[in-house]
Amino acid sequence: MNLKRMWAVLVSRNYEFLRDRAAFGWNFLFPFLIVAGFALVFGNDNRAQFKVGVFPVAPETAVESLELPDRFKETLYLDLIYFDSFDQALDRLSHHKIDILIKNSSRPWQYWISDTSPKGYVAEKIFRESTVPLEAFDELLRKEAITTVQIRYIDWLFPGILGMNMMFSALYGVGFVIVRYRKNGVLKRLKATPVTALEYLTAQMLSRVFLILFTVVIVWVGCDLIFDFHTQGSVFDAVVVFAMGGIALSSMGLLIAARGTSEEVANGLINFISWPMMFLSEVWFSLEGAPGWIQTIAGFLPLTRMLSAIREILNDGATLAQVGPDLLFLGVVSLACLLAASWLFSWTK
Amino acid sequence: MLLEIKGLVKRYKDVTAVDGISFSIKEGSCFGLLGQNGAGKTTTVEMIEDIITPTEGTILFKGKPRDRDFREKIGIQFQHTELLAFLTVNDTLRTFARFYKNPLPVEEVSRLCLLDSIGRQMNDRISGGQKQRLLLGLALINDPDLLFLDEPSTGLDPLARQHMWKIIRGVKEQGKSIVLTTHSMEEAQILCDDIIIMDKGRIIAQGSPGTLIEQHCHDDGEPRNLETVFLNLTGRHLRA
């Protein structure tokens, strides 16, 4: 490996990226837009969990004046939706737009649920429990409350958004570009120089990792100013994990682009790899409770390991040593993909 | 001999692109490969350049098989090369200079190829002629012993072509060797010391321009030049 040649390729690739203002701008704007969008939709962690239809009730009626059990009216995380007529309310229930429908009247309270709705099932339990005096549970139950550090959805989601952006940047920014260079003869010209495949691919990978980290830091600082993230662990440790994840994902991009001149095939391969990672790597939601075989598959995906390590650091305060197995996994994937890509690499069509 | 090529063959499945050709190139000479489209010129040159692997045959550079150092000693101007869009002309020259152990100063190559005035322009903003000059500059940046030029003057206006030939002559005067692939018989006649004419993957004629004209031009009033030689040898009808 000749470092001077590798550095020359790396610098020229960085120039290209930094001067391509459209691509450069989009790399920063996209994560901002995604995070802002999700913060808008899911940002309120006190949002209602169940939608309760009540009829007949005129709009603007105060909750206190409803003829429902007092304890039900005081229950948190319920969104009470008023309807003038039963038919209108029943239509909403049958379309799962509300979880339970209750008649606003004195005892016995009458209610309707859809027997195919899991949320309706739980809402019914809540409603029935609220009709029993609280003292009735005293001999049956004992409550032990704990105090935890609140992890907001946005704190949990943000590393996932950054990770997803990194994944697409690494796979498309490396894989797609190399296939295009092979197709239009840029790689053929480089083959005529002393640059080796390993030097070229290492430069491409490091250039992408540099740009990914640059983007991550800028987007992080920008989003932190807006959302004021709560972090428990070292931000530096998280950046180290991002770097390792970037190397692993870029190396996968190199392997995809090791041969071939068809951008369509490269696009298909990248989709084949990126979509499962997007859904199985806990970018948007946790896989807790998913079937074991899905969790096993997810455990072999680099994005899963990177996000798991970053969330452990940021949300739970873990150290680099504690996420060592994830870092080792990412290192092994990086080395295996880089060596395989160098071995398979073709400069020409 | 600088280059010795013996029994060179390239097959692609059922097609034999180059069919057992042998020739040698003297140090300090300009060697031309002529032939119709699809005659096997570019395949031959790319095998010598080590861009594609021969099916059979031997290629010796200065009496030895080519090694990793071979690429330090050659310069190549391909016919079709895209350049990195967001690099300037100077960036591109500097990048390529860093690939070699003993490159020429970028300023010297820039001056030689008349690139000074467009040094800060992006590669995708320069004209066809300027791009040809930049590609020649990249081929010269490592001060090569052997320069491969594939259709160097294609698409150039007469003035730009004259300038390109002047540069090539200058390179030759420095004692460097040149392998020139061209469709321009005028270019070959002006620049080349030795020529091979290829047809269907084989060599059908070989010699200096003067010798070829002497051997293959008839005394029936036809012009005595390489174009006549070429047409007499390869036929006057377009092939499918």
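The points below describe a predicted model with chains A and B.

1. Basis. In this predicted model, local features need pLDDT of at least 70 and side-chain atom pairs count only at pLDDT 80 or more, while totals for chains, interfaces and linings use all residues; side-chain values use heavy atoms, with hydrogens and water left out. Residues are numbered from 1 along each chain as its sequence is written, and chains are lettered from A and ligands numbered from 1 in the order in which they are written.

2. Extent of the interface. Chain B brings 26 residues into contact with 23 residues of chain A, contact being heavy atoms within 4.5 Å. About 2,400 Å² is buried between the two chains, and carbon and sulfur atoms give 63% of that area. Buried area is the accessible area (1.4 Å probe) that two parts lose on being put together, summed over both. In chain B, the residues that lose the most area to chain A are Phe86(B), Arg98(B) and Phe99(B), together 28% of what that side buries.

3. Asp91(B) and Arg19(A) meet through their side chains in a salt bridge, at 2.6 Å from N to O.

4. Make-up of the chain B side. Helices α2 (70–73), α3 (89–97) and α5 (128–140) of chain B each supply at least two residues of the side that touches chain A. Helices (H or I, at least four residues) and strands (E, at least two) are DSSP runs, numbered from the N terminus. The largest share, three residues, comes from α3(B).

5. Helices α1 and α4 of chain A. Glu16(A) forms a salt bridge with Arg13(A), with the closest N and O atoms 3.1 Å apart. Both residues lie in helix α1 (residues 3–19) of chain A, three residues apart, about one turn of the helix. At helix α4 (residues 86–94) of chain A, Ser85(A) caps the N-terminal end, a side-chain oxygen lying 3.2 Å from the backbone nitrogen of Gln88(A). After α4(A) comes His96(A), whose phi is positive, near 60°.

6. Backbone points to check by eye. Most residues other than glycine have a negative phi, and most peptide bonds are trans. Phe55(A) and Pro56(A) are joined by a cis peptide bond with omega of about -15°; Pro56(A) is in the loop between β1 (50–55) and α3 (70–73) of chain A. Another cis peptide bond joins Arg107(A) and Pro108(A), with omega of about -10°. Pro108(A) is in the loop between β3 (100–103) and β4 (111–112) of chain A. Glu282(A) is not a glycine, yet has a positive phi of about 60°; Glu282(A) is in the loop between α10 (263–280) and α11 (292–299) of chain A.

Technical notes: A salt bridge is a side-chain nitrogen of Lys or Arg within 4 Å of a carboxyl oxygen of Asp or Glu. A polar contact is a pair of N or O atoms within 3.5 Å; within protein, one must be able to donate a hydrogen and the other to accept it, and residues adjacent in sequence count only if both atoms are side-chain atoms.
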